[in-house]
Amino acid sequence: MIAAIIAALAGWDWGGRVGVIVFRGCTLSRAVAGAFGYDISFSITDQLRFTPT
């Protein structure tokens with residue numbers, strides 16, 4: 001499932017309006033009673049700025 005999330009998001013863009021999503025890394029953050037939590041990090045090459053209306 002982790003590989004599917006990374007594959008779906010890495011390289012995706014918003015039609016040229018902002019930068020491309022870049023995969024930065026993945027770490028196991030916790031494991032409790034057979035359930036695993038992962039931190040998956042992505043970034044974009046541009047800054048997103050929202051102007052309140």
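## Briefing: a β-hairpin and its surroundings

Setting aside neighbours within four places in sequence, S29 touches G37, Y38 and D39. This is a predicted model, and S29 makes a handy way into it, since the residue belongs to strand β1, which covers residues 21-32.

**S29 and its setting**
- Looking back along the chain, A8 is 21 residues away from S29, and the C-alpha atoms of the two are separated by 21 Å.

**The β1-β2 pairing**
- Strand β2 spans residues 35-44, and β1 pairs with β2 in the antiparallel sense over 10 bridges.
- If you want a place to look in this pairing, find V22, which stands opposite S43 in β2.

**The turn**
- The hairpin of β1 and β2 has two residues between the strands.
- A33 sits in the loop between β1 and β2.
- The phi of A33 is near 50°, which is positive although the residue is not a glycine.
- As background, most residues other than glycine have a negative phi.
- A33 is also exposed, because its relative accessibility of 82% is over the 50% cut-off.

**The aromatic pair**
- How many aromatic pairs does a search of the whole structure find? The search finds one.
- F23 and F42 form this pair, with 5.8 Å from centre to centre and 65° between the planes, an edge-to-face arrangement.

**A nonpolar patch on the surface**
- M1, I5 and L9 form a nonpolar patch on the surface, and together they have about 310 Å² of accessible area.
- One of the three, M1, lies in the segment before α1, a helix that covers residues 2-9.
- M1 is exposed, because its relative accessible area of 81% is over 50%.

How values were computed:
Residues are numbered from 1 along each chain as its sequence is written. This is a predicted model: local features need pLDDT of at least 70, side-chain atom pairs count only at pLDDT 80 or more; totals for chains, interfaces and linings use all residues. Side-chain values use heavy atoms; hydrogens and water are left out. Helices (H or I, at least four residues) and strands (E, at least two) are DSSP runs, numbered from the N terminus. Contact means heavy atoms within 4.5 Å. Two strands pair if DSSP finds at least two bridges between them. Rings of Phe, Tyr and Trp (its six-membered ring) pair if their centres lie within 6.5 Å; planes under 30 degrees apart count as stacked, over 60 as edge-to-face and the rest as tilted. Patches are made of residues with over 30% relative accessible area and no salt bridge: like charges are joined within 9 Å, nonpolar side chains (Val, Leu, Ile, Met, Phe, Trp, Tyr) within 5 Å. Accessible areas come from the Shrake-Rupley method with a 1.4 Å probe; for residues, only the protein chains shown count as cover. A salt bridge is a side-chain nitrogen of Lys or Arg within 4 Å of a carboxyl oxygen of Asp or Glu. Buried means under 20% relative accessible area, exposed over 50%, partly exposed in between (1.4 Å probe, protein chains only).
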